[in-house]
Amino acid sequence: MDSVMKPTRTAAAAPSTEGARGSVRIDGVSCGFDATTVLRGLDLTIDPGEFLTLLGPSGSGKTTLLRVIAGLIEPSAGRVVVDGADVTKLPPQKRDLGFVFQNYALFPHLTVRQNIEYPLKVRKIPAAQRRELIAEMLDIVGLTGMDKRYPSQLSGGQQQRVALARSLVHRPKVLLLDEPLGALDRRLRQELGRELRRIQRETGTTAIYVTHDQEEAYVLSDRIGIMRDGLLTQLGSPIELYQQPGDLFVAGFLGDVNLVTGRVLERGPAATVIDIGGSRLPCRDETDTAVSAEATCVIRPEHLSVRAIGSTSAAEHEQHYLANAFVDDAYFLGQAFRLKLSWQQGSLTADVDAGGRLPAVGEEVSVFVRAGTASVVRSRESAPQATQ
Amino acid sequence: MSTSVTPTARLAPTEPEQEVPAAGTRGRWRSATVGVAVVLPLLALYGIFLFWPLIDILLRSFDPLGEVSYTRPNFSFTNFTQVGTDSLLRIIELRTLRLALYTTLITTVLGFPVAYLLSRMRPRRASLLLLGILVPFFVPTVVRLFSLTVLLSPDGVVNSFTEAIGLGKFPLLFNTTATVIGMTVYQLPVMILILYAGLSRIDTNLTLAAHTLGASPTRAFFTVYLPQARPTVISGMLFTMVLSLSFFLVPSVLGGPRDQTMSVFIQQQIELFQWGQASAMGIVLLIITMIGYGLTLRLTGGATVGVPTTVAKGTSNREPLRGTPAVWGSRVVLVIVFILLLAPVLVVFPLSIGTGQQVVFPPRGFTLTWFSQVFTAGVWIPAFTKSVIVGISTAVLSVALALSLSRTVQRIRNRALRSIILAVAFAPVITPHILLAIGLYDVEIRLHLIGSNVGLIMAHTVIAFPLAFSIINSALAQSDITLEQAAWTMGSSRTRTFWLVVVRSKLGSIVSAGVAAFMVSWDDVVIAQFQNGLSKTLPVVIYSYLDSGVVPAVPAISSMLVLLVIVGLVVSLVVGRVGARRGPA
């Protein structure tokens, strides 16, 4: 039973960043239930104070990874290192972490105050200090005055705040969150997500957040790790992942994409040029696709634009002509029009400015790609359904 | 989930309008009349075979001589004063209380670890073990008691074992120890089922949350798990206590002359035609039982402070139990409980093949003559036939009445009226069987029904109906009204819809209600022993042999009964697995 204050002292004494308070390292962690393998030798390093999101479809192993870090599941192989110390064999109660469960797991027989007090009582913090810490925590999560209520008397959002307060009040080294906003409606999810980010920054706690909602991941994270089949497919900042998806899976998982295939004409230092039915399309490229091999590029719908056939534009160097296409359908989305186009390779989706001229259904148009937005992806992974 | 809840919630208030179509007041009147007509047989049954016997006993309890007069009833408290002050009676009462208390404590101590382990197992394995708990539940009590008399006898397995390891022999039969063991064996399945139902609703994430917050397993158990489990444990204990207080069969078979309990005393008094004190004691038992059930209801109904436990994700169910000493201790208890439950059931097989006129374990020699004697002795076949006829009639009648009442109750929008009806419907459960037995005995003598199958069927339907009703009512309460409405829009009449949509979709529950009602009748000795005419039911015949000395045919018929239960359970499992493929009804 360490006192709450002790970890701070160890943090001050530790020289390397590896030992800094709130760092986590996952070393080749594998985990399996019965015959199925859930994690397959996963490596991951999380920096102190970072907000890292694990994003992936259900069954990709993200919750299992979180539980392995918390000590709720023992991995079959690999190590979990927190603040430079190997905690793999340590039971959860000795790891000094905070964990927010998807269903909050608030103790129904205790009041809000008693719930938040629980980790402090366990650590034998004196009553006066407990009161102070609880008051501070209630203030941070905005529940001052609600401390006498029972969890059943609170709304979903309030319960979520209590769960957060309870898992932060003992100043844990790392805060682990398992889809904590999943049970709430959209508006509340956004509001609480922002608040969660604020509290995490204010307390300077490292946070590992599990979700399958990409929008949530974008808004909250410093970095996002995309998980699939028990492995980390790609790790990077939200912008990196969106603009430079490593493979078709990541591309398809993070928003709608158009897939365009062509032959590699040349590989330059700045871009790889792909020949698509006669058009030259310069693409960003992190793969090692050989010249004259077939390549797949992804283009986001908002990076496509359409113009009447033959019309030229002043900003020619900012747009690359792709092909001609027929307009199959047009929907109004509010901020944009979504066009469904058919061309030589099947169908395309383009989100075009709602202010511009809307082409008629059946009309033939020229399709342009905004410069520097297309990127080549590894194509060995088949993407999930691109656009709906 | 929430999307499917809202439409039904919105439907509920508009439902009365749909109940009564354009016909107006006349339609309203007609449906009310139909409602009353449908419940009329049930009212008659309860009136004649439940309330009349109870009033009869109540009047006798107030008569100093225990006589009953409906025109000039006596009101004296002599009998009750004696029940409270007579030193012999007080010894009996305190003994009954003590026995019930021991039984409750032992049952809880053994039942909790087992229920806990079951609640943490994978559902498949848990249901397999629950089956092992259910087998003894379906074997007639007299059979299990017979086995216990053999196992606990001076030359029985237990004493042979203790002698072999040098502890010597213990007097285990016809005393308090035997009674407590017998009552524990009887109550354990019920206790485990009650606790299992409650404990499996506790969110395992709560304990995990306590761990992540820094609590040790012991601390998490006492500060988080136990507070969640407390209402279930207390209601299980109260239920066991109340049931144990009015126990008749176990103390009568396993207890010695000095282990007379209140129920045994009542039966012995009636055999001597001494109605006064027996009636007063029966009424006292009834009042204690009512208080006990009242407490249980309050505990389970009112004291649930808690968020609606949302079922956690699959990971928590797979959360393996760590091998702490407490878990290992629980596993040991699990083994002990299974030996306690299954030994009395399985020992009948070796007993039934032994040669010689004495029933001993381990058996000497090998013979199948006792099985053939069952078919030739002339006492078993008629008893078996009578039990089957009475049991099936009870089942059919109970299910029919349960369907009619359930249908009527669910149309009643008035909450107070509905809870009154439900309370009355469950009244036989609260009534100690010995009290009902003597009341029925008296009433059926007046009606010249005593000894007839009809009389026994009516008596058994009274005690079996509440069980069938609770199963069917909860099944019909879950039936989706929109299914019926859909059928109406397709032109199906109400009667037709009821049979083709409602009854068909709940066939599983209706069958289990029938089986439950049959089992109540099949197991009963307390009421049936007062209804002996020319023929007796099977359990009563076995019981009379237990009283007067066991013949070797008893283990033979017992093993056939156990075999019947095992076959029945296997068949129901197979049918259930086939039925499950159709998807949820």
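Colleague: What share of the residues in chain B is buried?
Modeller: In chain B, 48% of the 585 residues are buried, meaning under 20% relative accessible area with a 1.4 Å probe, protein chains only. Before we go on: this is a predicted model, where local features need pLDDT of at least 70, side-chain atom pairs count only at pLDDT 80 or more, and totals for chains, interfaces and linings use all residues. Residues are numbered from 1 along each chain as its sequence is written, chains are lettered from A and ligands numbered from 1 in the order in which they are written, and side-chain values use heavy atoms, with hydrogens and water left out.

Colleague: OK. How many helices and strands are there in chain B?
Modeller: Chain B has 27 helices and zero strands. Those are DSSP runs numbered from the N terminus: H or I, at least four residues, for helices, and E, at least two, for strands.

Colleague: At what angle do helix 4 and helix 8 of chain B cross?
Modeller: Helix 4 (residues 87–120) and helix 8 (residues 176–199) of chain B cross at roughly 40°, and their axes come within 7 Å. Axes are lines fitted to C-alpha atoms, for helices over the stretch in contact, and angles run from 0 to 180 degrees between N-to-C directions. That makes helix 4 of chain B oblique to helix 8 of chain B; under 35 degrees is roughly parallel, over 145 roughly antiparallel, 65 to 115 roughly perpendicular, and the rest oblique.

Colleague: Which residue classes are in that contact of helix 4 with helix 8 of chain B?
Modeller: It has 18 nonpolar, ten polar and no charged residues. Ala, Val, Leu, Ile, Met, Phe, Trp, Tyr, Cys and Pro count as nonpolar, Asp, Glu, Lys and Arg as charged, and the others, Gly among them, as polar.

Colleague: Switching to the other pair: which residues of helix 3 of chain A meet helix 10 of chain B?
Modeller: A:Tyr118, A:Lys121 and A:Val122 do, and they meet B:Arg219, B:Ala220, B:Thr223 and B:Val224. Contact means heavy atoms within 4.5 Å. The residues there divide into four nonpolar, one polar and two charged.

Colleague: And the sheet in chain A, in what order do its strands run?
Modeller: Five strands form an open sheet, in the order 15-19-16-17-18, with antiparallel pairing. Two strands pair if DSSP finds at least two bridges between them. The edge strands of chain A are strand 15 (304–308) and strand 18 (346–353), each pairing on one side only.

Colleague: How many bridges link strand 16 and strand 19 of chain A?
Modeller: Seven bridges, in the antiparallel sense. A:Asn324 has A:Ser366 in strand 19 of chain A as its bridge partner.

Key: Buried means under 20% relative accessible area, exposed over 50%, partly exposed in between (1.4 Å probe, protein chains only).
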